[in-house]
Amino acid sequence: MIIDDKKRCDWCTSSDLYKKYHDEEWGVPVYDDATLFEFLLLETFQAGLSWITILNKRENFRKAFDQFDYQKIARYNDDKILDLLQDAGIIRNKLKVYSVITNAQAFIKIQEEFGSFSNYIWNFVDGKPVINNRNSLKDVPATTPFSNMISKDLKKRGFKFLGSTVVYAYLQATGIVNDHLESCWKAPQPPK
């Protein structure tokens, strides 16, 4: 159990798993393609569900989806899909399972075009995180014109289940956008 006096963003205080995720991962800039794909997969399954549901099943997803290896996922066949749809440890949504395979294939195409998915996604912000100064959760939008633009581009490139809300959550999770509340111990500090 995490017992400390750290002030965190309000959304993550309900469990130790949430706190650990908030403290160690959420909003930390990710440049590694493997991790960027992991979050893409998890955010795809999170659509319409709470993030804690996905966090609780994260290790099950890791095992079911070959450690989030997008090269393997891009080649999944019908037998593997049937196995996934029978795996009670993950979210067994047929459309989401199929979309992850499609997304892995599109992810690889972006790598081929841009050298890495990281180059592609970070190019939208010139390689530097967008730092927002949010006072409360009600100040944090579900979508922005920025997430609308990226979602539209990803869809044009063949991605599925990546609407603007999912994309904005993805940008926050991977630190491309930093939405830690100003009262949070993880909030970016102004330069001295």
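Mentor: Happy to! Let's start with Ser 164, which counts as buried because its relative accessibility is 14%. Here buried means under 20% relative accessible area, exposed means over 50%, and partly exposed is in between (with a 1.4 Å probe and protein chains only). Before we go on, please keep in mind that this is a predicted model, where local features need pLDDT of at least 70 and side-chain atom pairs count only at pLDDT 80 or more, while totals for chains, interfaces and linings use all residues. Residues are numbered from 1 along each chain as its sequence is written, and side-chain values use heavy atoms, with hydrogens and water left out.

Ser 164 belongs to helix 9, which covers residues 164–173. Helices (H or I, at least four residues) and strands (E, at least two) are DSSP runs, numbered from the N terminus. The side chain of Ser 164 forms a polar contact with the side chain of Asn 148, at 2.5 Å. A polar contact is a pair of N or O atoms within 3.5 Å; within protein, one must be able to donate a hydrogen and the other to accept it, and residues adjacent in sequence count only if both atoms are side-chain atoms. Setting aside neighbours within four places in sequence, Ser 164 is also in contact (heavy atoms within 4.5 Å) with several residues, including Ala 142, Thr 143 and Ser 151.

Now look at Leu 162, in the loop between helix 8 (145–156) and helix 9. With 1% relative accessibility, Leu 162 counts as buried. Apart from neighbours within four places in sequence, its contacts include Leu 40, Thr 44, Asn 103, Leu 154 and Val 167. Leu 162 and Ile 150 are twelve residues apart in sequence, and their C-alpha atoms are 9.3 Å apart in space.

Back in helix 9 we find Leu 171, a buried residue with a relative accessible area of 0%. Not counting residues up to four places away in sequence, Leu 171 touches Ile 121, Phe 146, Ser 147, Ile 150, Ile 176 and Val 177. Leu 171 and Ala 106 are 65 residues apart in sequence and 18 Å apart in space, C-alpha to C-alpha.

Leu 171 also takes us to the largest nonpolar core, which has 58 residues. Such a core is a set of buried Ala, Val, Leu, Ile, Met, Phe, Trp, Tyr and Cys residues joined through side-chain atoms within 4.5 Å. Leu 171 is one of the residues with the most contacts inside this core, and Phe 117 and Ile 121 are also among them. Helix 6 (residues 94–114) gives the most to this core, with eight residues.

Finally, what does helix 9 have to do with helix 1? Helix 9 is one of the helices that the buried residues of helix 1 pack against, together with helix 2 (33–46) and helix 3. Those buried residues of helix 1 are Tyr 18, Lys 19, Tyr 21, His 22 and Asp 23. In the meeting of helix 1 with helix 3, Leu 17, Tyr 18 and Tyr 21 face partners that include Trp 51, Ile 52 and Leu 55.
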